[in-house]
2 protein chains.
Amino acid sequence: MPRDGNITRDKILMTSMGLAISQGHVATPIDEVIAQVGITKGTFFYHFPSKKHLAMAMIEKFSSNKLNTLNEYCAKATKLSKDPLQQLLIFVGLVQEQHAKLEQDEIGCLYASYCYENQLVDKEIGESVSLTMKAWQDKISEKLKEIMVLYPPVTEVEPDKVAGMFLTALEGAYIMARIMPERDAVETYLEQYKIYLQVLFKQA
Amino acid sequence: MPRDGNITRDKILMTSMGLAISQGHVATPIDEVIAQVGITKGTFFYHFPSKKHLAMAMIEKFSSNKLNTLNEYCAKATKLSKDPLQQLLIFVGLVQEQHAKLEQDEIGCLYASYCYENQLVDKEIGESVSLTMKAWQDKISEKLKEIMVLYPPVTEVEPDKVAGMFLTALEGAYIMARIMPERDAVETYLEQYKIYLQVLFKQA
DNA sequence: TTACCCATACCGACCAAATGGTACAAAATA
DNA sequence: TATTTTGTACCATTTGGTCGGTATGGGTAA
C-alpha cells in the first residue's frame, strides 16, 4: 500500500467541519478548505467525489462523535454517583466543561449550521441527524424516569420534553454565544437547565 | 413622482428574508430573489447597491419587527393581568401563539441564520443585533425582578439569566423544529420554559 | 389644456470572478 | 511494477455586479 490516504481524508474532514461550524458549509469554498489543509483540488476530489459527499461525511463524523461523547459522559456520570438526579446533573456538568475549553468560533453545532442553510441537505441525512439527537433525548429521558420514581416532580412533566429541553438549551446557547457579547452562554444556560431540574425535583 | 419604489424595495426585503430564514443568505442567489419577486437584476441593484447591503437592510428590518412585537406583547400582557408572573406567562404564551400559525420553513431566526454562516456579517451589525436581543432580555429581566418581590424564588437565581433562558429556549426550539420530526418544538419548549418559571416561583 | 422636462423606477444584456468539478500526468510506497 | 495517492492545468457554470437605455408620471410653462 502507498501512503495512507485516510490521514488526508481525516484532515479534510476535520478542517471542513471547523469551517462549516464557524462560517457555514455553503459559505466555505473548497479552495478555502484545501488551502487550510495544504492539499490541492485533485486530492480533495480523490477523497470526496463532490462537495455534497463531503457534507454527508461531515454529518456522519459529527454524529459518531456526538454518540461517543454521549456514551462516555453517561459512563462517567454513572460512575461518579449512584443517585440518578446527581448523575444527570453531573452529565450536564460534563457537557458544560467540554465547552469551556473551546474557542469562540469552535462553539456551535454542525446540524444547526446545516439546517439553517439548506434544510439538512438530504432527507436521509435529516433522518440520521434526528436519530442522533433522539439518542441523547432518550438517554436523558430514561434517566428522568428513574429520577421521577425517587423524587416526585413538583408539577407533572413529560420526561421526553424535559429531556428535549436539554438539547434545546444547548442549541440555543450556541446561538446566544454567537449573538450576545458574553462568551460563556453554554455554561450559563446549561446552568439554568440544571436549576430547572433541581427545582423540579426538589424535596419539600 | 413615478411609481412608488418603496413597494418594490419592501417586496425584495420580505422575499429575501423568507428565503434567508429558510435556506440561508449565502445559499440564496440574487437570481432566486428577483425571480420570486418578479423583477430584474437592474431593479434589484437599483434598490440595494450590493448583496451585503441587502443583508444589512434585512437585519435592520428584522430587528425593528422584533422590537415591535416585544412592545406589542408587553402591552397586551400588562393589559390582561395585574400579576407580574401571570403577565410573563401570558407574554410567553403570545410568542407561542405567534409561532403556531407559521409554516415549517418560516420558523427560524434571521440572526441565527446569519451568525451560523458568517459571524453576523459585520461588527456594527453584530452590535445592533445584540442590542435587540438585549432589549428582550432586559424587559423580561425587569418583569422577573417584580415577580421575585412577590414570589420569592425556590432557589436563588439571577433574573438576567432566567430572562436570557427565554431567548435561548426560543432559538434552541427553532433548531429543534428543523432537526427533529415533531413540528411543534416552539410550542413544546416555550411550555417547558413556562413550567420552569412556575416551579421557580411556586408558593409553598 | 398640452407639450415638454426630469427625477425616479425599472429592464435586460453583458462582464469578471468565483466556484464546483474533470482529466491526466507525476509520485510515492509496497 | 502495480496500486493508491497527490499535483497541475483546465473547463463549465453560477453568481455578484455593471451599464446603457427605457418606461412612468407629476410639475410647469406656453
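Modeller: Before we start, a nonpolar core here is a set of buried Ala, Val, Leu, Ile, Met, Phe, Trp, Tyr and Cys residues joined through C-beta atoms within 7 Å, and please bear in mind that this is a predicted model.

Colleague: What is Leu110(A) in contact with, leaving aside its neighbours within four places in sequence?

Modeller: With those neighbours set aside, Leu110(A) is in contact with Met17(A), Ala20(A) and Ile21(A), and also with Met58(A), Ile59(A) and Phe62(A).

Colleague: And over in chain B, how many residues of α6(B) are buried?

Modeller: Eight of the nine residues of α6(B) are buried, which leaves the helix mostly covered; among the buried ones are Leu110(B), Tyr111(B), Tyr114(B), Cys115(B) and Glu117(B).

Colleague: Switching to the interface, how many residues of each chain are in contact with the other chain?

Modeller: On the chain B side there are 44 residues, and they are in contact with 44 residues of chain A.

Colleague: Which elements of chain B give two or more residues to that side?

Modeller: Those elements are α6 (110–118), α7 (123–150), α8 (159–179) and α9 (185–200) of chain B, and α8(B) gives the most, with 14 residues. By class, the side of chain B that touches chain A has 25 nonpolar and 14 polar residues, together with five charged ones.

Colleague: Why do you say the copies meet through the same surface?

Modeller: Because 100% of the interface residues of chain B are also interface residues in chain A, the copies meet through the same surface.

Colleague: What rotation superposes chain B on chain A?

Modeller: A rotation of 180 degrees, with 0.0 Å of shift along its axis, superposes chain B on chain A with an RMSD of 0.1 Å, and the two copies are therefore related as by a two-fold rotation axis. In chain B, the C-alpha nearest that axis belongs to Gly172(B), which is 1.8 Å from it.

Colleague: One last thing, at what angle do α9(A) and α8(B) pack?

Modeller: They pack at an angle of about 100 degrees, with their axes 10 Å apart, and that makes α9(A) roughly perpendicular to α8(B).

Colleague: Which residues meet there?

Modeller: From α9(A), Thr188(A), Tyr189(A) and Gln192(A) meet Lys161(B), Val162(B), Gly164(B), Met165(B) and Thr168(B) of α8(B); the residues of this contact divide into three nonpolar, four polar and one charged.

Technical notes: Residues are numbered from 1 along each chain as its sequence is written. Chains are lettered from A and ligands numbered from 1 in the order in which they are written. This is a predicted model: local features need pLDDT of at least 70, side-chain atom pairs count only at pLDDT 80 or more; totals for chains, interfaces and linings use all residues. Two residues are in contact if their C-beta atoms, placed from the backbone, lie within 7 Å. Helices (H or I, at least four residues) and strands (E, at least two) are DSSP runs, numbered from the N terminus. Ala, Val, Leu, Ile, Met, Phe, Trp, Tyr, Cys and Pro count as nonpolar, Asp, Glu, Lys and Arg as charged, and the others, Gly among them, as polar. Copies are superposed by least squares on the C-alpha atoms of residues with pLDDT of at least 70 in both. Axes are lines fitted to C-alpha atoms, for helices over the stretch in contact, and angles run from 0 to 180 degrees between N-to-C directions. Angles under 35 degrees count as roughly parallel, over 145 as roughly antiparallel, 65 to 115 as roughly perpendicular and the rest as oblique. A residue is buried if 20 or more other C-beta atoms lie within 10 Å of its own, exposed if 12 or fewer, and partly exposed in between; C-beta atoms are placed from the backbone.
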